[in-house]
Amino acid sequence: MAEDLNIISSTNKAEQYESLVPQIEALLHGEPDLIANLANICAALKEQFKWFWVGFYMVKNNELVLGPFQGPVACTRIGFGKGVCGAAWQQAKTLIVPDVDAFPGHIACSSLSKSEIVLPLFKDGTVVAVLDVDSEALDQFDETDAQYLEQIITMVNFNE
């Protein structure tokens with residue numbers, strides 16, 4: 001596939017995902033390199049939705065370590081159970097935070113981040129990474145985002 005995305009400008013979030021998901025699937029198809037695939041997922045999501053920050057943290061030596069991302073510089077390491085990313089890792093579930101300032105123990109990598117969604121990625125039932133998405137707007141993320149982002153991260157192959 002060509003590396004150009006067909007970005008649609010719709011106010012309907014589901015329509016944007018419905019257009020983007022098959023394009024991400026095509027980008028990943030046949031590419032065995034994990035880092036390349038994570039980088040392209042970040043770029044595609046950032047380009048389509050113009051979110052403040054989109055990136056992956058990888059589980060390494062019992063902490064989350066910054067992986068491919070799009071956006072301003074970020075926290076490099078996050079402990080188990082710390083902040084939204086660490087909590088999503090610890091709880092092994094998607095967390096939607098409408099107002100990060102109201103989240104106990106929130107780690108402010110940037111004061112511009114106002115809402116966040118974090119999704120764990122699994123290999124053999126164990127969390128091996130998280131997808132972290134931040135917005136400059138309050139209450140940016142909902143179950144529609146969770147549904148489609150979960151669909152996207154299931155495309156990631158950690159076995160290569």
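**Strands, helices and cores**

Biologist: Which residue in β6 is the bridge partner of phenylalanine 122?

Modeller: The bridge partner of phenylalanine 122 in β6 is valine 127. Strands here are DSSP runs of E with at least two residues, helices are runs of H or I with at least four residues, and both are numbered from the N terminus. This is a predicted model, in which local features need pLDDT of at least 70 and side-chain atom pairs count only at pLDDT 80 or more, while totals for chains, interfaces and linings use all residues. Residues are numbered from 1 along each chain as its sequence is written, and side-chain values use heavy atoms, with hydrogens and water left out.

Biologist: How many bridges join β5 to β6?

Modeller: Nine bridges join β5 (residues 115-123) to β6 (residues 126-135), and the two strands run antiparallel. Two strands count as paired if DSSP finds at least two bridges between them. Valine 118 has aspartate 132 of β6 as its bridge partner. The β5-β6 hairpin has two residues between its strands, and aspartate 124 takes a positive phi near 50° there.

Biologist: And what is the strand order of the whole sheet?

Modeller: Six strands form an open sheet, ordered β3-β2-β1-β6-β5-β4, with antiparallel pairing. The edges are β3 (77-79) and β4 (95-97); each has a single partner strand, so one side of each lacks a neighbour in the sheet. On average, neighbouring strands are turned by 25° against each other, direction ignored. Such angles run from 0 to 180 degrees between N-to-C directions, using lines fitted to C-alpha atoms, for helices over the stretch in contact.

Biologist: Which strands does helix α2 touch?

Modeller: Helix α2 (residues 34-49) packs on the sheet and touches β1, β2 and β6; its direction makes about 155° with that of β1. Contact means heavy atoms within 4.5 Å. Helix α4 (residues 143-153) lies across β1, β4, β5 and β6, at about 30° to β5.

Biologist: Is β6 largely enclosed or left open, and why?

Modeller: Strand β6 is largely enclosed by the rest of the structure, because nine of its 10 residues are buried. Buried means under 20% relative accessible area, exposed means over 50%, and partly exposed lies in between (1.4 Å probe, protein chains only). Six bridges join β6 to β1, which runs antiparallel to it, and leucine 131 of β6 is the bridge partner of phenylalanine 56.

Biologist: Which residues have the most contacts inside the largest nonpolar core?

Modeller: They are Leu45, Phe56, Leu131 and Leu149, in a core of 32 residues. At least two residues of this core come from each of α1 (13-28), α2, β1, β5, β6 and α4. A second, separate core has 17 residues, including Phe52, Val84, Ala88 and Trp89. A nonpolar core is a set of buried Ala, Val, Leu, Ile, Met, Phe, Trp, Tyr and Cys residues joined through side-chain atoms within 4.5 Å.

Biologist: Changing topic, how many aromatic pairs are there?

Modeller: The structure holds seven. In tryptophan 53 and phenylalanine 69, the ring centres are 5.3 Å apart and the planes are at 20°, so the pair is stacked. This pair links distant parts of the chain, 16 residues apart: tryptophan 53 is in β1 (residues 53-60) and phenylalanine 69 is in β2 (residues 63-70). Rings of Phe, Tyr and Trp (its six-membered ring) pair if their centres lie within 6.5 Å; planes under 30 degrees apart count as stacked, over 60 as edge-to-face and the rest as tilted.

Biologist: Are those two residues buried or partly exposed?

Modeller: Tryptophan 53 is buried, with a relative accessible area of 5%, whereas phenylalanine 69 is partly exposed at 28%.
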